[in-house]
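Please consult the sequence and the structure shown below while reading this briefing. The points that follow are grouped by topic.

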Amino acid sequence: MTSPVSHLSEQLASKSISSHELVQQALAASSSDQDRLGDFLLLRNDQALKEAQESDARRARGDSHGPLDGIPIAVKDNMTMAGEVTTAASKMLEHYRAVETATALQKLQAAGAIIIGKTNLDEFAMGASTENSAFHSSKNPWDESVVPGGSSGGSAVAVASGHVPLALGSDTGGSIRQPAGFCNVVGMKPTYGRVSRSGLIALASSLDQIGPFARTVEDAATLYSVIAGHDDRDATSSTRTVDDVRSGMEDGVRGLRIGLPKEFFADGLDPQVAKVVHDARNVFQKAGAEIVEVSLPHAPQALATYYIILPAEASSNLARYDGVRYGLSVRDGAGLYDMYAKSRGQGLGAEVKRRIMIGTFVLSAGYSDAFYHQALRVRAALTEEFHQVFDQVDVLLTPTSPTMPFKFGARAADPLQMYLADLYTVPANLANIPAMSLPGGFVDGLPVGIQLMAKQWDEATMFRVGHAFQQLTDWHTKTPPNFRGA
């Protein structure tokens with residue numbers, strides 16, 4: 001579906017199409033492409049069609065719930081829905097039925113959006129390629145021999161292929177933005193605390209955020225506006241008022257200051273990717289923005305810092321999957337320890353086990369000061385540097401990923417190479433600031449994403465700058481082969 005959500009909503013309002021028809025199309029396309037692209041783990045066929053009929057009935061009564069009423073949407077399968085299987089793409093939770101619905105999904109349902117299914121991901125959101133799913137890999141619709149990115153690869157594929165106009169993912173170190181860049185869609189991570197994490201299966205509690213995928217910045221802003229806001233069920237949820245991010249979106253970039261942090265353009269960046277970002281810089285400059293070179297001296301340490309903090313928090317969060325309370329339980333052994341070992345050994349994949357072991361090590365006695373607490377100090381220094389930089393500029397412009405989308409298996413045997421895919425995305429999570437990837441261009445037929453970052457709580461300026469770029473370019477209108485949209 002290439003039509004903006006505003007256009008689909010107008011069609012629904014005018015009765016030129018029904019929600020039932022939209023959802024039926026989305027389900028049919030998703031099901032037909034499942035073997036080829038593998039973006040879904042679960043399709044809610046009967047329930048989604050029932051909810052679509054209820055939406056049509058509301059409209060017939062003149063009781064629409066807003067711009068998302070009747071619009072099909074996909075959600076990453078690490079967000080719980082009461083009574084539905086929620087796997088986090090892990091054998092550990094293969095048959096787990098959730099007892100509550102994530103707050104973000106409750107807000108979608110209250111807005112009338114139709115959740116058609118749960119999308120594939122790297123197991124427990126640990127990965128950058130969707131190759132770590134316990135069930136199957138998702139394929140990049142632009143070239144099925146390359147990865148779609150991760151961990152929210154299924155959601156990115158669902159939007160890029162035209163199966164749905166909108167999707168939700170989660171972003172702990174780039175898990176929305178990196179697949180958005182690889183698949184030529186918009187992917188946005190809000191400020192930490194802006195969207196409730198209640199009902200999101202935790203990976204790293206100080207880093208995780210739920211955010212939108214869309215084909216346009218305008219649609220991403222619409223979805224963000226629905227899911228943002230305080231939630232009493234999440235102690236980290238901010239009580240700060242949510243700005244109307246759409247009110248100034250048409251104001252353009254004239255007079256704004258756009259920063260290019262020099263550390264993001266150093267060794268390790270593919271020259272072809274660098275050219276795409278510099279071309280975007282020229283677009284902004286011609287539109288009247290002032291381009292300013294800035295520095296974030298601790299940015300080169302961000303990746304190492306992240307891969308200490310994330311495993312530490314993950315090892316704590318995943319301790320609950322012990323064969324007793326949640327998910328897979330293997331009870332054919334000799335005792336309690338044997339049950340723990342077999343349940344976790346069979347239920348968790350290699351990458352999850354790797355990160356648990358790293359996290360347990362960096363938190364262990366004698367090493368926590370040298371690793372974990374030092375990482376916290378670097379995180380604080382980096383956060384302060386971002387605060388200082390945003391006294392100089394309104395937004396930052398960087399690459400989303402240092403490389404082009406890579407082939408399946410190219411990095412699977414080398415975790416360090418896989419982790420480098422997060423090089424430019426993890427700083428925003430560490431500093432708790434909003435960030436967004438949007439289509440920036442193509443190299444040899446494959447998409448390249450550009451990243452915008454803004455100061456905490458200033459999603460409005462970031463959306464404004466991203467929307468201006470899309471008004472001046474047409475990269476976001478390009479569709480992959482076998483595109484399913486209308």
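The second largest pocket has a volume of about 200 Å³. The model is a predicted one, in which local features need pLDDT of at least 70 and side-chain atom pairs count only at pLDDT 80 or more, while totals for chains, interfaces and linings use all residues. Residues are numbered from 1 along each chain as its sequence is written, and side-chain values use heavy atoms, with hydrogens and water left out.

**Pockets**

- Of the 13 residues lining the second largest pocket, Glu263, Asp267, Pro300, Leu423 and Tyr424 are the closest to its centre.
- A pocket is defined on a 1 Å grid over the protein atoms alone, as an open set of points where a 1.4 Å probe fits, with protein on both sides within 12 Å along at least five of seven lines; lining residues have an atom within 4 Å of a point.
- Grid points are joined across faces, edges and corners, and a volume is the space filled by probe spheres set on the points.
- The lining of the second largest pocket comprises 9 nonpolar, 2 polar and 2 charged residues.
- In this classification Ala, Val, Leu, Ile, Met, Phe, Trp, Tyr, Cys and Pro count as nonpolar, Asp, Glu, Lys and Arg as charged, and the others, Gly among them, as polar.
- The largest pocket holds about 290 Å³ of space.
- Among the 14 residues lining the largest pocket, those closest to its centre are Thr80, Tyr96, Ile201, Arg320 and Tyr326.
- The lining of the largest pocket divides into 9 nonpolar, 3 polar and 2 charged residues.

**Salt bridges**

- The count comes to 20 salt bridges, each being a side-chain nitrogen of Lys or Arg within 4 Å of a carboxyl oxygen of Asp or Glu.
- Arg484 and Asp33 meet in a salt bridge through their side chains, at 3.1 Å from N to O.
- Arg484 lies in the segment after helix 16 (459-472) and Asp33 in the loop between helix 2 (19-32) and helix 3 (34-37), so this pair ties together parts that are 451 residues apart in sequence.
- Helices (H or I, at least four residues) and strands (E, at least two) are DSSP runs, numbered from the N terminus.
- Asp33 is buried, at 3% relative accessible area, whereas Arg484 is partly exposed, at 37%.
- Buried means under 20% relative accessible area, exposed over 50%, and partly exposed in between (1.4 Å probe, protein chains only).
- Asp474 and Lys478 form a salt bridge with their closest N and O atoms 3.5 Å apart; Asp474 is partly exposed at 38% relative accessibility, and Lys478 is partly exposed at 33%.
- Salt bridges that share partners join Asp33, Arg36, Glu144 and Arg484 into one network.
- In the salt bridge between Arg177 and Asp171, the closest N and O atoms are 2.9 Å apart; Arg177 is buried at 0% relative accessible area, and Asp171 is buried at 0% relative accessibility.

**A buried charge without a salt bridge**

- Glu123 is placed in the loop between strand 3 (114-119) and helix 6 (153-160).
- Glu123 is buried yet has no salt bridge, and the nearest side chain of opposite charge, Lys353, is 8.4 Å away.
- Lys and Arg count as positive and Asp and Glu as negative, while His and the chain ends are not counted.
- Leaving aside neighbours within four places in sequence, the contacts of Glu123 (heavy atoms within 4.5 Å) include Ala88, Lys91, Asn132, Gly347 and Val352.

**Helix 5**

- The buried residues of helix 5 (residues 103-110) are Thr103, Ala104, Leu105 and Leu108.
- Among the elements covering these buried residues of helix 5 are strand 2 (72-76), strand 4 (166-171) and helix 8 (217-227).
- Gly112, with a positive phi near 90°, follows helix 5.
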